Amino acid sequence: KTLLNRSGIYIKSLVPDSPAAGCQRLRPGDRILAVNGTTVVGLDYQRARELLRSSGNKLCLLVAKSDSEMAMKVLTSSSYSDWSRDGKR
């Protein structure tokens, strides 16, 4: 389990001017459940990241929306990494 008391892959931030930011549907704190129909539930961060990066030009995410309290926990936690920390999406 994470510091949020719920295991999973969470969005911490969105890269400005990226397709993810441009779609205006994703928010910090949202939990990613699947990538292009493949579940990420139970996967560790590295495997989920590889799945995202290998998705090609089209990406379909299934996410569980968070409330503002969850978003604040994700934003203030140092245990979560930015998906695009190294500039790759």
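User: What makes β2 and strand β4 a pair?

Analyst: In this predicted model, β2 and β4 (residues 61-64) are joined by four bridges in the antiparallel sense. Pairing takes at least two bridges. Four bridges meet that cut-off, so β2 and β4 count as paired. One of the contacts can be named: R31 has A64 in β4 as its bridge partner.

User: How do you know that strand β1 pairs with β2?

Analyst: Two bridges join β1 (residues 9-10) to β2, and the strands run antiparallel. The cut-off is at least two, so β1 and β2 pair. I9 has its bridge partner, I32, in β2.

User: What links β2 to strand β3?

Analyst: Two bridges, again in the antiparallel sense, link β2 to β3 (residues 38-39). V35 stands opposite T38 in β3. The hairpin of β2 and β3 has two residues between the strands. In that hairpin, N36 takes a positive phi near 50 degrees.

User: Why is strand β2 called largely enclosed by the rest of the structure?

Analyst: Burial is the reason. Strand β2 spans residues 31-35, and four of its five residues are buried, so the rest of the structure largely encloses β2. Buried here means under 20% relative accessible area.

User: Why is K73 called partly exposed?

Analyst: K73 has a relative accessible area of 37%. Buried means under 20% and exposed means over 50%. The 37% of K73 falls in between, so K73 is partly exposed.

User: Where does K73 lie, and how far is K73 from P28 in space?

Analyst: K73 lies in helix α3 (residues 68-76). K73 and P28 are 45 residues apart in sequence, but 9.6 Å apart in space, C-alpha to C-alpha.

How values were computed. Residues numbered from 1 in each chain as written. Predicted model: local features only at pLDDT ≥ 70, side-chain atom pairs only at ≥ 80, totals over all residues. Heavy atoms only, no water. Buried < 20%, exposed > 50% of the residue type's maximum accessible area, 1.4 Å probe, protein only.
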